[in-house]
Amino acid sequence: MQLMNMQPHEFCLNQEPERLKKLLQFKHRTFNSTDLLYFVQFLQYHYQHNESLESAFTGWGNTVEQMLTGFHHYFFSLEDVPARTRKHIASPEKNSNCKRLNMFLRWMVRNDDKGVDFGIWKSINPSQLICPVDVHVARVAKRINLLQRKQTDWNAAIELTEQLKKFDANDPVKYDFALFGLGVMEKY
């Protein structure tokens, strides 16, 4: 954020070679400057044609699986995509559970009035969301018989979400935070 003067949207829209040089030293775990520069390039392209990132997910189909797959293809549709950057955006096509993307959709679609989920995107319904699954959520879900699948892949995310719909078909993902908390805080 500091490299973008705490204004990432403006930075991406108005990227100039001198400003981009600031990003060349960036590295966070496996995400480096090559990846960041492509993300900035994509965001600039997208925001030159759209007002919201929401449209990058919608229009690919009616299910979250179709939306995430469409987003993946769209994100990597620009010329000269660095091969290494592809590992940073998951896709159900590759049987990934898409934890980060499902979490992002949860934040943007759900509105919990508690400051966790923003609820600013309106064209995706909370009932469509898929529960983000990580090792903590999977462990708790298996322990309380909400998940039978051994792998924490896309099918596990679907299986868990279907089980959670039995409790609330309109908003099954609201249980994610409780499952996560039990797994992390309580070591359940």
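I began with F75, which is buried at a relative accessible area of 2%, where buried means under 20% relative accessible area, exposed over 50% and partly exposed in between, with a 1.4 Å probe and protein chains only. I note that this is a predicted model, in which local features need pLDDT of at least 70 and side-chain atom pairs count only at pLDDT 80 or more, while totals for chains, interfaces and linings use all residues. Residues are numbered from 1 along each chain as its sequence is written, and side-chain values use heavy atoms, with hydrogens and water left out.

I then looked up the aromatic pairs, for which rings of Phe, Tyr and Trp (its six-membered ring) must have centres within 6.5 Å, planes under 30 degrees apart being stacked, over 60 edge-to-face and the rest tilted. The count comes to 17 aromatic pairs. One of them joins F31 and F39 edge-to-face, at 5.0 Å centre to centre and with 85° between the planes. I found F31 buried at 17% relative accessibility, and F39 is buried with a relative accessible area of 17%. F39 also pairs edge-to-face with F75, at 4.8 Å centre to centre and 65° between the planes. Since F39 lies in helix α3 (residues 33–49) and F75 in helix α4, this pair ties together parts that are 36 residues apart in sequence; helices here are DSSP runs of H or I with at least four residues, numbered from the N terminus.

Next I turned to helix α6 (residues 135–143), which packs with helix α8 (residues 176–184) at an angle of about 95°, their axes lying 8 Å apart. I take axes as lines fitted to C-alpha atoms over the stretch in contact, with angles from 0 to 180 degrees between N-to-C directions. That angle makes α6 roughly perpendicular to α8, as angles of 65 to 115 degrees count as roughly perpendicular, under 35 as roughly parallel, over 145 as roughly antiparallel and the rest as oblique. On the α6 side the contact (heavy atoms within 4.5 Å) is made by H136, V137, R139 and V140, and α8 contributes D176, L179, F180, L182, G183 and V184.

Within α6 I found V137, A138, V140 and A141 buried, and the buried residues of this helix pack against α7 (154–165) and α8. A141 has 0% relative accessibility, and, leaving aside residues up to four places away in sequence, A141 touches L146, L147 and L160. Just after α6, I noted that N145 takes a positive phi of about 60°.

Conventions:
Helices (H or I, at least four residues) and strands (E, at least two) are DSSP runs, numbered from the N terminus.
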